[in-house]
Amino acid sequence: MDNPIEQKLPDAPLNENGKHSNVEEGGEIIELNANYTPEEEKRVLRKIDCTILPMMCLVFFLQYLDKQSLSYAAVFGVIDDLDMTSTEYSWCTTVFYIGQLVAEYPFMYLMSRLHLTKFVGVTIIIWGIICMCLAAPHNFAGFAAVRFMLGFSEGAVSPAFVTITAIWYQKDEHALRTALWITMNGVAQVIGCLLMYGVGKNTTLSLAPWRVLFLICGAITSAAGVFFYVFMPNGPKDAWFLNIREKEVLSHRMAKDREGGDKTSFSMQQFRETIMDIKTWFIFAFGVLSTMQSPVLQFASLVINTIGYDKFQTMLYTAPSGVVQILLLWIGVLGCWVFPQNRTFVVLGLIIPPLVGNVLLMKLSLDAGWGMIAASWLASCITAVMSILLSLTASNVKGNTKRSIVNAVFFVGYCVGCAASPQLWTEKPQYSKGVVTAIVDWCLLFVVVIVYRNICMKDNAARDVLANERQGEDGASAHGEVLLDEYGAPKSDLTDKEDVKFRYSW
């Protein structure tokens, strides 16, 4: 019985004029009109969810735990032990994101030239080693230097995960899968608080509890990096957890969703298109405006600590903020499921709770007690908005080089917001300048999302008109065939602007 998805090595595929052109050795052609059953697709998707997604979730959990561990260390003595001022502590947060910002340009290039998963695996191992080094410094200068290197080494993970999500999943699956690995932020918040609580309760330690925390986090991270390097595949043909038939189904899913996979090339043409595309700069604005409020994650524990609770109570009362983050994030996922074509409206709804939280932080007095704690929980709900914005970024960009640049642009904005905003959080105990800035940023993001939605809708309307006039510009032959590369992904590397059949999500 013939395989429902026919693959063959072509002598030479047809070009746009109906004539043969040369093909690199190892290329394959897949029939776009081939069939596979819903059961086959579900089985493949389930295997991806059980293999690719857990590795991404583990790494993202560790990344957030390593970043957030500074706030736990602050409650358990790092500020006093290193004789830091309030401003110097703020700089420890800022310098981390300066490191990430510096890393974005070289990592953007390397991620488009090297095999993505192998490169990311190496950076995970390195950042775990650097995290352990945070236990060594005895002054602010040394600690800040290691924080910079930690930020630099973590610069590849988040942009790479947006790309990996786009490679393995179809557009309508992006919101849920992105939410799953971003959920790890909330999980890390809860577990990090409890881990610091447990380490702090151990009175037999020869090192300060915050130093032990960094050693534990770094060791686990490096081990996870080795696992990720060995087991995370580059593409469908390297998917060791799929059989031959399942790899064919996966390749067909990618071709059907117009996804080109991970390429090891850098296109100057795509670079120029990206810079000139106005949607790129909206994505940059998303990165800045969704993170200018992020210091509340670092300073919420200090706010709780300074209104009358000891360090152990502070950890226990900070932990629920992670649960609140997870709850709001999955309310957003439910919104995307109910309104699949209106993700931007879901973002607008998710902006309201943290905006209210910041208003309460500004208006409530310090003796409000649980009112201040609940306000800090709401104000910390940043990841829900970022999850949907990242899923839109994954869905709305096509082309290997362009996608790498756009993902890097988002995280450049992310780093700019995270690096600049801590400098406004220096006035204890209510940090009024930082809170006011957060309120303004949420309002600006609300406006920017509405404008972005309108631009995407306008572009789709223009493409609908153009689609009736143009045929066969999707990198396939006139017979509905798509050329595959050596990893089983579609060989064509059209951008979203070049592909007339591409439609933007909004």
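Q: What makes a contact between Asp464 and Arg503 a salt bridge in this predicted model?
A: A salt bridge is a side-chain nitrogen of Lys or Arg within 4 Å of a carboxyl oxygen of Asp or Glu. The side chains of Asp464 and Arg503 meet at 2.9 Å, N to O, and this value lies within 4 Å, so the pair is called a salt bridge. The pair links distant parts of the chain, with Asp464 in helix H19 (residues 432–467) and Arg503 in the segment after strand E3 (481–484), 39 residues apart.

Q: How do you know whether Glu40 and Arg245 are buried or exposed?
A: Buried means under 20% relative accessible area; Glu40 has 14% and Arg245 has 17%, so both residues count as buried. Their side chains meet in a salt bridge at 2.7 Å, N to O, which joins helix H1 (residues 38–75), holding Glu40, to helix H9 (residues 244–256), holding Arg245, across 205 residues.

Q: What makes Glu246 and Lys47 a pair that ties together parts 199 residues apart in sequence?
A: The side chains of Glu246 and Lys47 meet in a salt bridge at 2.9 Å, N to O, and because Glu246 lies in helix H9 and Lys47 in helix H1, the pair ties those parts together. Glu246, at 3%, is buried, whereas Lys47, at 29% relative accessibility, counts as partly exposed.

Definitions and conventions:
Residues numbered from 1 in each chain as written. Predicted model: local features only at pLDDT ≥ 70, side-chain atom pairs only at ≥ 80, totals over all residues. Heavy atoms only, no water. Helix = DSSP H or I, 4+ residues; strand = E, 2+ residues; numbered from the N terminus. Buried < 20%, exposed > 50% of the residue type's maximum accessible area, 1.4 Å probe, protein only.
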